[in-house]
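Student: I would like to go through the terms used for this model and see what each one rests on.
Tutor: Then let us take them one at a time.

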Amino acid sequence: MYIYFRLFHNQSIKNSYNVHTSKAKGTLNRIFGKYLLLTNTISCGVLMAAGDIIQQEIERHGSHKNKSFDWKRTGRMFAVGLAQGPPQHVFYKFLDRSLPKRDFRSISKKVLLDQLIASPVCICIFFFGMGYLEGHTWDEIVSESRRKFLSIYMVDWLVWPPVQMINFYFLSPKYRVIYINIVTMLYDVFLSYIKHDVRCKYKGGIEELSIRVVMSHPGFPPPFSAARDKETLFHYKVC
């Protein structure tokens, strides 16, 4: 009797495990299949926000210990991340259709196209999206982009080619964007630092003014502005 009970119990556990495993597989298939665009879009936003949270924690434990956590800033990073999701989704589907092979030549072409097309586009979406959400003028957004674009793009060439070689060679196309987003979460710490902890220099008359822009700086409640062209040489809002 005990033996029959054990057999029945073990079979019940096995059936239950198979049911849960089947449900889990079905959910994953929907997430990375039917709803792949939604998955890629949301993951872009969530992981970019996570990168900013990490950067803010670094700032708070570093030279800005009295700085309060800026959830609006994280919200802006999340929104810009959402905006980057669909373009990445479409671009990598195009790459996989155009270059389906996994030989060295095809992968090298994918990496090169990624650096020449996707990287500049994502950087521009980041700066123009953040600038718009922060309420900056068009001239201010363009000026900031020109100052910082080259620095970020040079780092891109160091970080992403080896990352993308792994992506294109080993991973299934449906996991491309989520893999990139996981790596990007750490890379976004750098992006958040460049965006929000910047030294801006300009000359006004006989003196040079250096301003360290710190989000929610207690000494400069928003909006903060300074002179430019004798009267309005520089204008920057601290959000």
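Student: Where is Val-46 placed?
Tutor: Val-46 sits in helix 2. Helices are DSSP runs of H or I with at least four residues, strands are runs of E with at least two, and both are numbered from the N terminus. The model is a predicted one, in which local features need pLDDT of at least 70 and side-chain atom pairs count only at pLDDT 80 or more, while totals for chains, interfaces and linings use all residues. Residues are numbered from 1 along each chain as its sequence is written, and side-chain values use heavy atoms, with hydrogens and water left out.

Student: Why does Val-46 count as partly exposed?
Tutor: Buried means under 20% relative accessible area, exposed means over 50%, and partly exposed is in between (1.4 Å probe, protein chains only). Val-46 has 44% relative accessibility, so it counts as partly exposed.

Student: Which residues form the nonpolar patch on the surface?
Tutor: Tyr-35, Leu-38, Ile-42, Val-46 and Phe-78 form it, with about 440 Å² of accessible area together. Helix 2 gives the most to this patch, with 3 residues. Patches take residues with over 30% relative accessible area and no salt bridge; nonpolar side chains (Val, Leu, Ile, Met, Phe, Trp, Tyr) are joined within 5 Å, like charges within 9 Å. The areas come from the Shrake-Rupley method with a 1.4 Å probe, and for residues only the protein chains shown count as cover.

Student: What makes the contact of Arg-73 and Asp-52 a salt bridge?
Tutor: A salt bridge needs a side-chain nitrogen of Lys or Arg within 4 Å of a carboxyl oxygen of Asp or Glu. For Arg-73 and Asp-52 the N to O distance is 2.7 Å, so the pair meets the definition. Arg-73 lies in helix 3 (residues 71-98) and Asp-52 in helix 2 (residues 36-60), so the pair ties together parts 21 residues apart in sequence. Both Arg-73 and Asp-52 are buried.

Student: How many salt bridges does the structure hold?
Tutor: The structure holds 6. One of them joins Glu-59 and Arg-73, with the closest N and O atoms 3.1 Å apart. Glu-59 lies in helix 2 and Arg-73 in helix 3, so this pair ties together parts 14 residues apart in sequence. Asp-52, Glu-59 and Arg-73 are linked in a network of salt bridges.

Student: What separates Arg-60 and Glu-57 in helix 2?
Tutor: Arg-60 and Glu-57 are separated by about one helical turn, because they are 3 residues apart in helix 2. Their side chains meet in a salt bridge at 3.3 Å, N to O. Arg-60 counts as partly exposed at 30% relative accessibility, and Glu-57 is partly exposed with a relative accessible area of 30%.
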